[in-house]
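Welcome! Take a moment to look over the sequence and the model before reading on.

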Amino acid sequence: MKCFQGSPKISNCDCSGATSSVVGICGGATPMLTGCKIHGSIHGCGVCVFQGGKGELSENEIYQNAMSGVEIFGEETEIEVRANRIHSNRGDGVLVYDSGKCTLTSNTVEKNFHAGVEVRDKGLVTAQENSVARNNFGFIIARHASAMLEANRVIGNFITGVEVSRRNREEGSVRTVLRRNDIRYNLESGVKLWYDSNPRLDGNVVAANLEPLSMTPRSRKRVSMGPEPEGDAEPVAGELPSRFGNNSVVEMADVIRRLRDK
């Protein structure tokens, strides 16, 4: 299926078996796909949005595609992805790159072979209230990309929960922000900041990941933390070491030590 103009509304369809991507959106088209099953691409992704494509994906199941579940790239390409289940794809759940833009809200992104959400090459993602679990990586923001991650649950990914590297140095570029995310039980670091990243961390819970929160020296100089709570305010969970501002960080070693002390 290829949408290259107009604003079609497509609902409750079973779209499968394409040799390339199952659904293509381009040329300024603004379709709305709702309640569809999009799966079984042999060589491509589930939904490919490019060359100025726009529109909305809502309440679909996007799964078992040869590459990413949803791929967005190119200037003036922008799509809203809301309340979908995106799982079991051989690439990323959602891949945004080459100045593409995407808003992710209330999606379940799980069991994808690479990352749940990958943003790179000046891509921009706003992600709110998503569940990103059991992928190899949770979020990757790299190679001059930017993201606003707010109130997401990043749980039980097999490598890093959120990995940020190589900030966008262009004037007027958007700074990556992690705010009020719940990042737990990932099998390496919950948050890894490296190779000249400069995100802001504000009110996140980073707890019981197998490796400590990781920052390279160059990133440590540029990262900023939300202000510590005043007075006797209680943390959301665990401790609030001053070096992490208002982020609650409990390493797995601390969890094990407390269990032994009981």
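Here is a short tour of domains, salt bridges, aromatic rings and one cysteine.

This is a predicted model, where local features need pLDDT of at least 70 and side-chain atom pairs count only at pLDDT 80 or more, while totals for chains, interfaces and linings use all residues. Residues are numbered from 1 along each chain as its sequence is written, and side-chain values use heavy atoms, with hydrogens and water left out.

- Domain 1 brings 15 residues to the contact and domain 2 brings 13 residues, where contact means heavy atoms within 4.5 Å.
- About 1200 Å² is buried between domain 1 and domain 2, with carbon and sulfur atoms giving 38% of that area; buried area is the accessible area (1.4 Å probe) that two parts lose on being put together, summed over both.
- On the domain 1 side, Leu-104, Val-109 and Lys-111 lose the most area to domain 2, together 34% of what that side buries.

**Salt bridges**

- The count comes to 13 salt bridges, each a side-chain nitrogen of Lys or Arg within 4 Å of a carboxyl oxygen of Asp or Glu.
- Between domain 1 and domain 2 the count is one salt bridge.
- Glu-110 forms a salt bridge with Arg-134, with the closest N and O atoms 2.9 Å apart, and these two residues also belong to a salt-bridge network with Lys-37, Glu-61 and Arg-85.
- Arg-179 forms a salt bridge with Asp-202, the closest N and O atoms being 3.3 Å apart.
- Because Arg-179 lies in strand 23 (residues 177-179) and Asp-202 in strand 26 (residues 200-202), this pair ties together parts that are 23 residues apart in sequence; strands (E, at least two residues) and helices (H or I, at least four) are DSSP runs, numbered from the N terminus.
- Asp-202 is buried at 15% relative accessible area, whereas Arg-179 is partly exposed at 24%; buried means under 20%, exposed over 50%, and partly exposed in between (1.4 Å probe, protein chains only).

**Aromatic rings**

- There are three aromatic pairs in the structure; rings of Phe, Tyr and Trp (its six-membered ring) pair if their centres lie within 6.5 Å, with planes under 30 degrees apart called stacked, over 60 edge-to-face and the rest tilted.
- One of them is the stacked pair of Phe-50 and Phe-73, at 5.8 Å centre to centre and 15° between the planes.
- Phe-50 sits in the loop between strand 7 (47-49) and strand 8 (56-58), and Phe-73 in strand 10 (residues 70-73), 23 residues apart.
- Ring pairs link Phe-50, Phe-73 and Tyr-97 into a cluster.
- Arg-120 lies over the face of Tyr-97, 4.9 Å from the ring centre; a charge sits over a ring if NZ of Lys or CZ of Arg is within 6 Å of the ring centre and within 35 degrees of the ring normal.

**A buried cysteine**

- Cys-45 is found in the loop between strand 6 (37-39) and strand 7, and is buried with a relative accessible area of 2%.
- Leaving out residues up to four places away in sequence, Cys-45 touches residues including Ser-20, Val-22, Met-67 and Glu-71.
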